[in-house]
Amino acid sequence: MTAAAAGPLAPSALTWPAPRAAYVHVPFCKHKCGYCDFASLAGEDHQADRYLAALEREIADHLLSPQEVDTIFVGGGTPTRLSARQLERLMIVVKRWLILEPGGEWTVEANPGTLDAEKADVLAQAGVNRVSLGAQSFQPAILRVLEREHGGQDVTSALDVVRPRFPRWSMDLIFGAPGSTLDDWRCDLENALALDPAHLSCYGLVYEKGTALHRSLREGRVVPLDEDLERAMQETTIERLAQAGLEMYEISNFARPGHESRHNLAYWANDAYFGFGLGAARYQEGVRSVNTRELAAYLSRIETGRSAAGATETLEPDARARETLMLMLRRTKLGADRADFRRRAGFDLDQLAGDVVKRFVASGLLEDDGRRVRLSPEGVFLADLVLREIV
Ligand code: SF4
């Protein structure tokens with residue numbers, strides 16, 4: 001369908017608000033986990049001070065003046081791999097350039113075993129009000145398969161440090177590790193629930209190309225779980241977490257009402273965002289760009305006054321609207337409200353994707369109440385298929 005046939009708003013009707021969300025990347029890790037496809041580096045801690053100087057320069061060169069934002073997310077890598085002194089330096093840089101609105105959300109990712117009281121104090125005093133803890137599993141055998149460098153007990157110890165200092169925290173878990181069973185996953189969910197989280201992210205393991213785990217798969221050293229078992233794990237997650245008061249609000253994310261990640265909700269609304277640091281992406285005025293993932297290139301480009309971004313991508317209005325719809329549909333509770341979609345994307349939802357929506361409503365994978373479209377309970381399990389068709 002052409003943009004004209006899809007009924008876009010006049011170009012003047014679409015505005016490009018300044019980003020209200022900012023992502024800052026810290027790439028250092030103790031060890032590269034076998035499944036990890038992020039811009040993360042082990043054995044490069046000696047570059048941390050140089051990296052922080054480059055990060056500040058990148059932020060200053062890009063923003064030119066301090067910007068007000070509603071959410072900040074410092075992710076990695078492992079931000080808490082930095083020393084307390086380095087974390088303090090990072091917090092000063094972030095606060096200097098990104099002014100968090102009153103009531104804003106400032107999240108920092110942490111890994112068990114890397115967050116002590118001294119570092120947590122630095123974060124809390126700077127204004128960080130949410131910690132996202134990468135637990136992944138509580139079971140030694142699964143942590144070994146994932147090549148995680150901590151034990152289940154380290155999660156509990158990290159929370160002893162987090163709870164008294166931060167009003168909100170979240171935990172990441174991974175299901176579907178090779179060799180794991182449904183009982184293993186139930187056990188991980190129960191261990192997590194025993195800690196009374198208000199937000200959990202539960203991701204199915206992905207064998208990303210270029211990772212050690214993907215090599216093991218190719219060489220036949222690990223066998224992926226069969227699809228039925230993975231589906232049973234996902235079903236168990238949704239049911240058990242709902243019983244515990246954690247509602248699914250995105251395909252992989254569960255929260256008590258009011259504890260959803262505001263930063264991630266901005267991504268799923270296809271809102272603009274700033275991005276700084278190694279491999280970081282940004283989306284401003286309809287243009288997306290991603291920084292290099294090579295540390296040496298990142299440092300030298302920034303230090304010589306050049307941009308660290310690779311090629312930029314500007315989607316045609318029609319493609320951008322489809323991407324917005326795809327992202328909005330990831331939000332299992334909100335889905336895509338027709339009026340909101342038109343305001344954000346500049347297209348009428350039915351003219352843009354009415355045929356595909358009707359087809360998936362007929363096959364029971366989407367629900368449509370006339371006002372909003374969203375994934376059905378069955379559609380959640382086949383979200384990849386539905387979202388691919390939308391795009
Ligand atoms: S700790 Fe996280 S970012 Fe670092 S290597 Fe492991 S999965 Fe990747």
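Let me start at the domain interface. Seven residue pairs are in polar contact across the interface of domain 1 and domain 2, both residues at pLDDT 80 or more. A polar contact here is a pair of N or O atoms within 3.5 Å; within protein, one must be able to donate a hydrogen and the other to accept it, and residues adjacent in sequence count only if both atoms are side-chain atoms. On the side of domain 1 that touches domain 2, α8 (227-243), β9 (247-250) and α9 each supply at least two residues. Helices (H or I, at least four residues) and strands (E, at least two) are DSSP runs, numbered from the N terminus.

A word on the source. This is a predicted model, where local features need pLDDT of at least 70, side-chain atom pairs count only at pLDDT 80 or more, and totals for chains, interfaces and linings use all residues. Residues are numbered from 1 along each chain as its sequence is written, and side-chain values use heavy atoms, with hydrogens and water left out.

Now the domains. Domain 1 covers 16-268 and domain 2 covers 317-390; the bounds come from an automatic or database domain assignment. The contact takes 14 residues from domain 1 and 13 residues from domain 2, with contact meaning heavy atoms within 4.5 Å.

How much area is buried between domain 1 and domain 2? About 1300 Å², and carbon and sulfur atoms give 59% of that. Buried area is the accessible area (1.4 Å probe) that two parts lose on being put together, summed over both. R231, I251 and W268 supply 42% of what domain 1 buries against domain 2, more than any other three residues.

R231 also forms a salt bridge with E378; the closest N and O atoms are 2.8 Å apart. Four salt bridges are counted between domain 1 and domain 2. The rule: a side-chain nitrogen of Lys or Arg within 4 Å of a carboxyl oxygen of Asp or Glu.

Next, backbone geometry. A cis peptide bond joins G76 and G77, with omega about 25°. G77 lies in the loop between β4 (67-76) and α2 (84-97).

Two residues other than glycine have positive phi. L64 is near 65°, in the loop between α1 (48-63) and β4. N270 is at about 60°, in the loop between α9 (262-268) and β11 (274-276). Which is buried and which exposed? L64 is exposed, because its relative accessible area is 69%. N270 is buried, at 10%. Buried means under 20%, exposed over 50%, partly exposed in between (1.4 Å probe, protein chains only).
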